[in-house]
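Let's take a walk through a protein model together. Keep the picture open and follow along as we go.

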Amino acid sequence: MTDRKTRWFDLGATALRHVVRDFPPEYVCPLCTRRFDRAALSRGDLTVEHVPPESVGGRPICLTCKACNNTSGNQL
């Protein structure tokens, strides 16, 4: 899963730099728009978001911050 997280981080950071040219290589949580550097992956600040929730068989779709992912819930 770590390779997937790193790949998603890089894709998100690159996409953002295409829109905002001088933006540092950071990932932005798509739910709260908080910014994260690459070290957030090893700290566990960015987690995989599943839709629908993983508890009911959801598929991983992107990274979100831990706070947003924890408040998303696990029920439909």
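A salt bridge is counted when a side-chain nitrogen of Lys or Arg lies within 4 Å of a carboxyl oxygen of Asp or Glu. Keep that in mind, and remember too that this is a predicted model. By that rule, the structure holds 4 salt bridges. We'll get back to some of them once you know your way around.

Start with the overall layout. The protein chain has 3 helices and 4 strands, and if you read along the sequence they come in the pattern α-β-β-α-β-β-α. The radius of gyration is 13 Å, close to the 11 Å that the globule rule gives for 76 residues, so the chain is as compact as a globular protein of that length. Along its principal axes, the C-alpha trace spans about 40 × 25 × 20 Å. Of the 76 residues, 30% are buried. Now take the contacts between residues with a separation of 6 or more: 34% of them involve residues 24 or more positions apart.

Next, look inside. Which residues have the most contacts inside the largest nonpolar core? They are Phe 9, Phe 36, Leu 46 and Leu 63, in a core of 13 residues. Helix 1 (2-19), helix 2 (39-43), strand 3 (46-51) and strand 4 (59-65) each give two or more residues to this core. Helix 1 gives the most, with 3 residues.

Leaving out residues up to four places away in sequence, Leu 46 touches a whole list of partners, including Lys 5, Phe 9, Tyr 27 and Phe 36.

From Leu 46, let your eye run along strand 3. Is this strand mostly covered or mostly uncovered? It's mostly covered, as 5 of its 6 residues are buried. Strand 3 also has a partner: 6 bridges join it to strand 4, and the two run antiparallel. To find one of the pairings, look for His 50, whose bridge partner in strand 4 is Pro 60.

Carry on to helix 3 (residues 66-71), where you'll find Asn 69. Its relative accessible area is 18%, and because the cut-off for buried is under 20%, Asn 69 counts as buried. What does Asn 69 touch, not counting residues up to four places away in sequence? The answer is Thr 47, Val 48, Glu 49 and Thr 64.

Now back to those salt bridges. In one of them, the side chains of Asp 10 and Arg 38 meet, with 2.3 Å from N to O. This pair links distant parts of the chain, 28 residues apart: Asp 10 sits in helix 1, while Arg 38 is in the loop between strand 2 (35-36) and helix 2. Asp 10 counts as partly exposed because its relative accessibility is 31%, and Arg 38, at 43%, is partly exposed too.

Put together, Asp 37, Arg 43 and Asp 45 are linked in a network of salt bridges. How exposed are these residues? Asp 37 is partly exposed at 36% relative accessibility, Arg 43 is partly exposed at 49%, and Asp 45 is partly exposed with a relative accessible area of 24%.

Last stop: the cysteines. A disulfide is a covalent bond between the sulfur atoms of two cysteines. How many disulfides does a search of the whole structure find? It finds 0. Cys 62 is in no disulfide, and the nearest cysteine sulfur, that of Cys 29, is 7.7 Å away. For Cys 65, the nearest cysteine sulfur belongs to Cys 68, at 3.5 Å. The cut-off for a disulfide is 2.5 Å between the sulfur atoms, and Cys 65 is in no disulfide either. Cys 65 is also buried, at 2% relative accessibility.

Terms used:
Residues numbered from 1 in each chain as written. Predicted model: local features only at pLDDT ≥ 70, side-chain atom pairs only at ≥ 80, totals over all residues. Heavy atoms only, no water. Core = buried A, V, L, I, M, F, W, Y, C linked by side-chain atoms within 4.5 Å. Buried < 20%, exposed > 50% of the residue type's maximum accessible area, 1.4 Å probe, protein only. Contact = heavy atoms within 4.5 Å. Pairing = 2+ DSSP bridges. Rg over C-alpha atoms; globule rule 2.2 N^0.38 Å.
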